[in-house]
Amino acid sequence: MPVRVRFAPSPTGALHPGSARTVLFNYLYARKNAGSFILRIEDTDQSRYDPTSLESILSGIRWLGLGWDEGPDIGGDFGPYFQSDRLDLYHEMVQRLIDAGDAYPCFCTPQRLEELREAQRKAGLPTRYDRHCIDLTDAEVKTRVEAGEIPVIRMKVPEGKTVVHDLVRGDSTFDNSSQDDQVLLKSDGFPTYHLASVVDDHEMRISHVIRGDEWLASSPKHVILYGMFGWDPPIFVHLPVVLGPDKTKLSKRHGAASVLEFREMGYLPEAMVNFLAFLGWSPGTGEEHFSLEQLVAAFELEKIQDSPAVFDQAKLDSVNGLHIRALPVDEFAARLAPYVPELSRQLLAVAAPLIQERIQRLTEAPALLNFLVHRPEELPPEIVPKKQDLASTVAVLQDLRHLFETAQVDESLEPTLRELAETRGWKAGELFMTLRVALTGSPVTPPLLPSAKLLGRTECLVRLDHAIGGLIRGNSSQ
RNA sequence: GGCCCGUUCGUCUAGUGGCCUAGGACACCGCCCUCUCAAGGCGGAGAUCAGCGGUUCGAAUCCGCUACGGGCUACCA
């Protein structure tokens, strides 16, 4: 049987990091087994529908580089891929259940249901539908419908026990008495998740249902439904939850509501994928730096963790640094471009190698490179070394100024600078720092001489003059 | 309340009865390298494997109970 998996988001918001991991695992399993990855849109809740979220979800998945084989935008042999376009199918299936006596219409109002639950809660009982409408005759139903009442259709959960087989959890046994007579078809004619996902997973020949842990508790309903239809259930794989640092389920409260926000924060999609893969999975080999292709090769459902994982951004930072350093320099420069819009492509091409192993996030680049396009305004105190005074600093800067007038401004200058420090009685490090601050306005920069080279002799002279002038003025005003 | 699921260093994890006086990674600390910051190298600290009781010659690994955490308990997914 071919492997066919799906990610089935409801368009009610962006693609959360936790959902992104679900997408990833589906994708990896499909690719690993030469199967198909299907995207299906579960737009059955009209009240929560958010028209902007579909595009946001799709671009989130695309950003991560996880392409799908069938879906709303590209179609496929098992479409349509919007559940709202499949209503006829659900109605037909529900009728089948009604005819077989496995489902029944229910006219109970939301108010009655709420009162019922309230009473059950008060009595310390499980809250469940009391099957008030289960014995309505066809005639009664007909009369009430003709009178304008619109029923929902509920599944009639049989007696007994239901075992859910899960590749990660093993078998979980549920007593059917713990299952509610779930609504299958709502009064607006739309199916609930339970009906729609079962019908579609079957119709779309889904072989493995890989989804979040929160579905495990309703899985027995799904298994029962498969049984009622006479279908074989797919293999279930329930993924452990992704938690925030406070150990509660990861959500917008923890920072990012969308994976796309991580692009804004300077993360590489391949790093995000690598990091996400290790949230609840590990190849067991100790290796942790993986490309998407390598993940595909190594991925096994059996290695999925059965306990929740905390989303640790410090770890993400580290993984991102790893991937940044692994990029070919020109590719790194290209990725950097949007984050340093002030730098020309040419300048970026020569500047990128200077910071590639110095940053963990692309958003750190401006702080390191802006000196290339902005002259220092104020000079931080580091310009005067702790053990030196203002006068000798000015003298050193003047030496440097003379030197820069004629010398070649690049790495070859280093021995000369060390000599200069020596003759002035400075440590080389002190002189480098003074020069660094004078040229860049910052005590933290890429390597000094290569940076000076990018600035060029003329610009260096201007900045040295400015520094000397600044120090003198600062002195006289004291 | 009920039903399910889970519990190895702060975090991600390795581990499927003897190789575990529990290994790696991130974070942290120290040293080396070094013009700053990084990167890199070396080292350190950090887990009585939630607790208790069983099974066994032997248990992080199997079983039971307890505690704690989580999920579900909608005409939401």
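The report below takes these topics in turn.

## Basis of the model

This is a predicted model, in which local features need pLDDT of at least 70, side-chain atom pairs count only at pLDDT 80 or more, and totals for chains, interfaces and linings use all residues. Residues are numbered from 1 along each chain as its sequence is written, chains are lettered from A and ligands numbered from 1 in the order in which they are written, and side-chain values use heavy atoms, with hydrogens and water left out.

RNA strand B has 63 residues around it. A residue counts as near if one of its heavy atoms lies within 4 Å of the strand. Arg169, Lys186, Gly280, Arg358 and Arg418 come nearest. By class, the surface holds 27 nonpolar, 15 polar and 21 charged residues. Here Ala, Val, Leu, Ile, Met, Phe, Trp, Tyr, Cys and Pro are nonpolar, Asp, Glu, Lys and Arg are charged, and the others, Gly among them, are polar.

Several elements supply at least two residues each, including α4 (110-122), β6 (170-175) and α16 (414-424). Helices (H or I, at least four residues) and strands (E, at least two) are DSSP runs, numbered from the N terminus. α11 (313-326) is also on that list. α11 gives the most, with four residues.

The side chain of serine 187 places an N or O atom 2.7 Å from a base oxygen of RNA strand B. Tyrosine 193 uses a backbone N or O atom, 3.2 Å from a phosphate oxygen. Aspartate 306 has a polar side-chain atom 3.3 Å from a phosphate oxygen.

## Domain 1 against domain 2

Chain A is assigned domain 1 (252-328), domain 2 (329-368) and domain 3 (375-476). These bounds come from an automatic or database domain assignment. Domain 1 puts 17 residues into the contact with domain 2, which puts in 13. Contact means heavy atoms within 4.5 Å. About 1,200 Å² is buried between them, with 50% from carbon and sulfur atoms. Buried area is the accessible area (1.4 Å probe) that two parts lose on being put together, summed over both.

Two salt bridges are counted between domain 1 and domain 2. A salt bridge is a side-chain nitrogen of Lys or Arg within 4 Å of a carboxyl oxygen of Asp or Glu. Arginine 361 forms one with aspartate 317, with the closest N and O atoms 3.5 Å apart. α11 gives the most to the side of domain 1 that touches domain 2, with seven residues. That side divides into seven nonpolar, five polar and five charged residues.

## Backbone points

Most residues other than glycine have a negative phi, and most peptide bonds are trans. The bond from glycine 79 to proline 80 is cis, with omega near 0 degrees. Proline 80 sits in the loop between α2 (53-64) and α3 (87-99). Alanine 34 has a positive phi of about 50 degrees. Alanine 34 lies in the loop between α1 (17-32) and β2 (36-39).

Note on methods. Polar contact = N/O pair within 3.5 Å; in protein donor to acceptor, adjacent residues only side chain to side chain.
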